[in-house]
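Subject: Structure handover

Hello,

Here is the structure you asked for, followed by my notes on it. Please read the notes with the coordinates open.

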Amino acid sequence: MPGFEFFGEEERKEVNDVLETGILMRYGFDAARKGIWKSVELEKEICNTFGSKYAQLTSSGTAALTTAMAALGIGAGDEVIMPSFTFVASFEAVLSIGAVPVLVDVDATLTLNPDAVKKAITPHTKCIMPVHMCGSMANLDALQQICKEHHLLLLEDACQSIGATYKNKYLGTIGDAGTFSFDFVKTITCAEGGVVMTNNESTYVKCDGYTDHGHDHKGVDRGADLHPFVGYNFRISELHAAVGLAQIKKLHQFLAIQRKNHTQLKNILSQVEEISFRVIPDETGDSCTFLSWFLPNEAITKAVVDELKAQNILAGNFYWYANNWHYIKQWNHLKQAATLHNLNDAQKAAIIQLQTQDFSVSDAIMSCCISTAISLLWTEDQIEEKGNKIVAAVKKVLNKKMVEI
Ligand SMILES: *Cc1c(COP(=O)(O)O)cnc(C)c1O
């Protein structure tokens, strides 16, 4: 799954280019950097690879989401519809720009349920933010249709789905803006970093300024730059961009390995009639970072998780339902509005009511789901062994449950 599994000579070479000049910052020092512009090069490579008109690197995927929302003009009084299953960064970013996160149910795609989205629309809704979890996509046709009908923005959080496509377009390039994360465990990594992609020039220019204190970047001298608006510092460093530049050149190799390993593992798990798989709106576009599969009910799923643990083979298999980072059930800090600074009243009211909001539709899906991370390093023999062990554990639980019934 993550690029750190394939780290080597190429990354060292790119980083060394930067170390040779000692210019670690992406802006300025034009003469001293001797033509080394890793961030600019990586942005160009991102545009070429994913077919986005513009790309703005940031210091993290979370910063990319915040930047995209600011550039799209989302702020105080606006509601952003997002899924109950995502990484905490999604609501952190919404709160950071003063907007209200509206959490709704997921469906068997493990992403936004379009019907739940429709029901959550109010006069304050400004944006729909699908999160393409675990390497695969939301039903973008349905969501785009809703955006069109209600004049809403579509912001794709594609942080976990670098290289996945929907109807031949890369995730993250389909909405008004989209983001990737290049943190250490993502498909390609910079150690820390992210990007906003957009096809809209004005949105891009705003992202460019926002990530660097509002600088307009029009002058040759940073000191002489104008500041048309208030920004922030979400800059990536040249060292991080250098790592990303080496990694993006390996992306297609990573994807090919992931897809091959995913197919082999899925074939093995398919032997068990009681196992079903995640619904994928465009199967050929799955980046295959994870194989996500379902068992018939919560009790069986929990027993399988316990069995995998008992056999010491749980590592790499994620039961998000009980996980602290990815699902509404355990986000007590959010539900209690445990922030260090005062939120605005609309934000506070919206997150406190999450304590009583009904997420039974999401619960029914997430409580039966296990996602197996696909490693780039597995051999065919290792996949066969892993797959067979999972199958044996599932069969053991199913047989026991049959006896209990
Ligand atoms: C990783 C991730 C982010 C945030 O990225 P960071 O680079 O770690 O800040 C945002 N959304 C999702 C779905 C992620 O998985």
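Of the contacts in the protein between residues at least 6 apart in sequence, 68% join residues at least 24 apart. Please keep in mind that this is a predicted model. The protein contains 14 helices and 13 strands.

Overall dimensions come next. The radius of gyration is 22 Å, which agrees with the value near 22 Å that a compact globule of 405 residues would have. Along the principal axes, the C-alpha atoms fill a box of roughly 75 × 50 × 40 Å. Of the 405 residues, 57% count as buried. The protein has an accessible surface of about 17500 Å², and carbon and sulfur atoms account for 54% of that surface.

Now the ligand. It is surrounded by 14 residues, and the closest are Gly61, Thr62, Ser181, Asp183 and Lys186. By class, this shell has five nonpolar, six polar and three charged residues.

- Thr62 has a polar side-chain atom 2.5 Å from an oxygen atom of the ligand.
- Asp183 places a polar side-chain atom 2.6 Å from an oxygen atom of the ligand.
- Ser181 has an N or O atom in its side chain 2.7 Å from an oxygen atom of the ligand.

Taken alone, the ligand exposes 380 Å², and the protein buries 94% of that area.

Lys250 lies in the loop between α8 (238–248) and α9 (251–269). Is Lys250 buried or exposed? Its relative accessible area is 9%, which is under the 20% cut-off, so Lys250 counts as buried. Apart from neighbours within four places in sequence, Lys250 is in contact with Phe6, Phe7, Gly8, Glu10 and Glu11.

Pro83 belongs to strand β2, which covers residues 79–83. Its relative accessibility is 0%, so Pro83 counts as buried too. Which residues does Pro83 touch, leaving aside neighbours within four places in sequence? The contacts are Leu103, Val104, Val106, Leu112, Met129 and Val131. Tyr27 is 56 residues from Pro83 in sequence, and the C-alpha to C-alpha separation of the two in space is 36 Å.

Regards

Key
Residues numbered from 1 in each chain as written. Predicted model: local features only at pLDDT ≥ 70, side-chain atom pairs only at ≥ 80, totals over all residues. Heavy atoms only, no water. Near = heavy atom within 4 Å. Polar contact = N/O pair within 3.5 Å; in protein donor to acceptor, adjacent residues only side chain to side chain. Areas by Shrake-Rupley, 256 points an atom, 1.4 Å probe, with all protein chains shown as cover. Nonpolar A, V, L, I, M, F, W, Y, C, P; charged D, E, K, R; others polar. Helix = DSSP H or I, 4+ residues; strand = E, 2+ residues; numbered from the N terminus. Rg over C-alpha atoms; globule rule 2.2 N^0.38 Å. Buried < 20%, exposed > 50% of the residue type's maximum accessible area, 1.4 Å probe, protein only. Contact = heavy atoms within 4.5 Å.
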